[in-house]
Amino acid sequence: MVPGEESILTNLRRGALEYCVLASLRGGASYGRDIARQLTDDGLLAGGEGTLYPLLARLRKSGMVETRWQESTSGPPRRYYTVTPDGERALDVFVRAWEPFRTAVDTTLGKGSS
């Protein structure tokens, strides 16, 4: 990574990660470690599991996700997360705001690279 890149990624994650979590749950309930794997595979969306679990707790407290415990055949019970209707609405609002924002950034960056 070049100097300053990690700081930029941290700031970008701060604004978008919770919506990426909500989007990952649109397909159905998921176990925390599976969410973490999905979002940390490329190293860009989430830096690690350490940031994900506090975020999931905040999303639960704010009513964006709900949880249920399910027995596991390979260890202790697991907490599964599902997006709530409030979480779906918040994600829809984010997507509507994100698309023109992303286009504006891409356009501006494209102008700067000519």
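User: How many bridges join strand 2 to strand 3?

Analyst: This is a predicted model. Strand 2 and strand 3 run antiparallel, and a hairpin of two residues connects them. Within this pairing, Glu 66 stands opposite Thr 82 of strand 3. The number of bridges joining strand 2 to strand 3 is seven.

User: In what order do the three strands lie in the open sheet?

Analyst: Strand 1 (30–31) and strand 2 (65–72) are edge strands, each pairing on one side only. Strand 3 (residues 75–83) pairs with strand 1 in the antiparallel sense over two bridges, and strand 3 is also joined to strand 2. The order in the open sheet is therefore 1-3-2.

User: Which residue in strand 3 is the bridge partner of Tyr 31?

Analyst: Strand 1 comprises residues 30–31 and pairs with strand 3 over two bridges. The bridge partner of Tyr 31 in strand 3 is Tyr 80.

User: Are helix 2 and helix 3 parallel, perpendicular or oblique to each other?

Analyst: The axes of helix 2 (residues 32–40) and helix 3 (residues 49–61) come within 10 Å and cross at roughly 125°, in a right-handed crossing. Residues including Ile 35 and Leu 39 in helix 2 meet a group in helix 3 that includes Leu 52 and Leu 56. Angles of 65 to 115 degrees count as roughly perpendicular and those over 145 as roughly antiparallel. The two helices are therefore oblique.

User: On which residue is the kink in helix 1 centred?

Analyst: Helix 1 (residues 5–24) has a kink of about 50°. Among the buried residues of helix 1 are Arg 13, Ala 16 and Leu 17. The kink is centred on Ala 16.

Technical notes: Residues are numbered from 1 along each chain as its sequence is written. This is a predicted model: local features need pLDDT of at least 70, side-chain atom pairs count only at pLDDT 80 or more; totals for chains, interfaces and linings use all residues. Side-chain values use heavy atoms; hydrogens and water are left out. Helices (H or I, at least four residues) and strands (E, at least two) are DSSP runs, numbered from the N terminus. The bend at a residue is the angle between axes fitted to the seven residues ending there and the seven starting there. Buried means under 20% relative accessible area, exposed over 50%, partly exposed in between (1.4 Å probe, protein chains only). Axes are lines fitted to C-alpha atoms, for helices over the stretch in contact, and angles run from 0 to 180 degrees between N-to-C directions. Angles under 35 degrees count as roughly parallel, over 145 as roughly antiparallel, 65 to 115 as roughly perpendicular and the rest as oblique. A crossing is left-handed if the near helix is turned anticlockwise from the far one by less than a right angle, and right-handed if clockwise. Contact means heavy atoms within 4.5 Å.
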